[in-house]
Amino acid sequence: AYDAASLDEQLASFINELKQTEGDPEIFAGVGVAIPGALNRQTGQNELWIGFRGLGIEPLEQQAAQAAGLPVRLCSHVNACAVGEAAFGVARGMRDIVY
């Protein structure tokens, strides 16, 4: 189900599962989540959920953070891919990249 309430619950459940798999759950200072859509950094809301019909503008950062007990920061999946390429992919070591 891709409604806002179940998405918050699923994200919090996943974060809590990750915390339990680590020997020391205190190592988590926060969680970054890459999401498809148009992220508004001013509000922390995703204003266009690509592939998630029925979701409107939801304050996912705040709701997931409250449910998981950790700070949660959203980023665009495209930006996350670019950072991954710069850190670990073909763009590693490059000063400038276009993704």
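The model is predicted: local features need pLDDT of at least 70, side-chain atom pairs count only at pLDDT 80 or more, and totals for chains, interfaces and linings use all residues. Residues are numbered from 1 along each chain as its sequence is written, and side-chain values use heavy atoms, without hydrogens and water.

Arg 92 is exposed, because its relative accessibility is 54% (exposed means over 50% relative accessible area, buried under 20%, partly exposed in between; 1.4 Å probe, protein chains only). Its contacts (heavy atoms within 4.5 Å) include Glu 85, Ala 86 and Ala 87, with residues up to four places away in sequence not counted.

Helix 3 has 12 residues. From first C-alpha to last, helix 3 reaches 16 Å, close to the 16 Å expected at 1.5 Å a residue (1.5 Å times one less than the number of residues).

Ser 76 caps the N-terminal end of helix 3. A side-chain oxygen of Ser 76 lies 3.2 Å from the backbone nitrogen of Val 78. Ser 76 itself belongs to strand 4. Ser 76 counts as buried because its relative accessible area is 15%. Beyond four places in sequence, Ser 76 touches Ala 34, Ile 35 and Leu 39.

Ile 35 is one of the 12 residues of the largest nonpolar core (buried Ala, Val, Leu, Ile, Met, Phe, Trp, Tyr and Cys residues joined through side-chain atoms within 4.5 Å). Helix 1 (4-21), strand 1 (31-35), helix 2 (60-68) and strand 4 (72-76) each give two or more residues to this core.

Definitions and conventions
Helix = DSSP H or I, 4+ residues; strand = E, 2+ residues; numbered from the N terminus. Polar contact = N/O pair within 3.5 Å; in protein donor to acceptor, adjacent residues only side chain to side chain.
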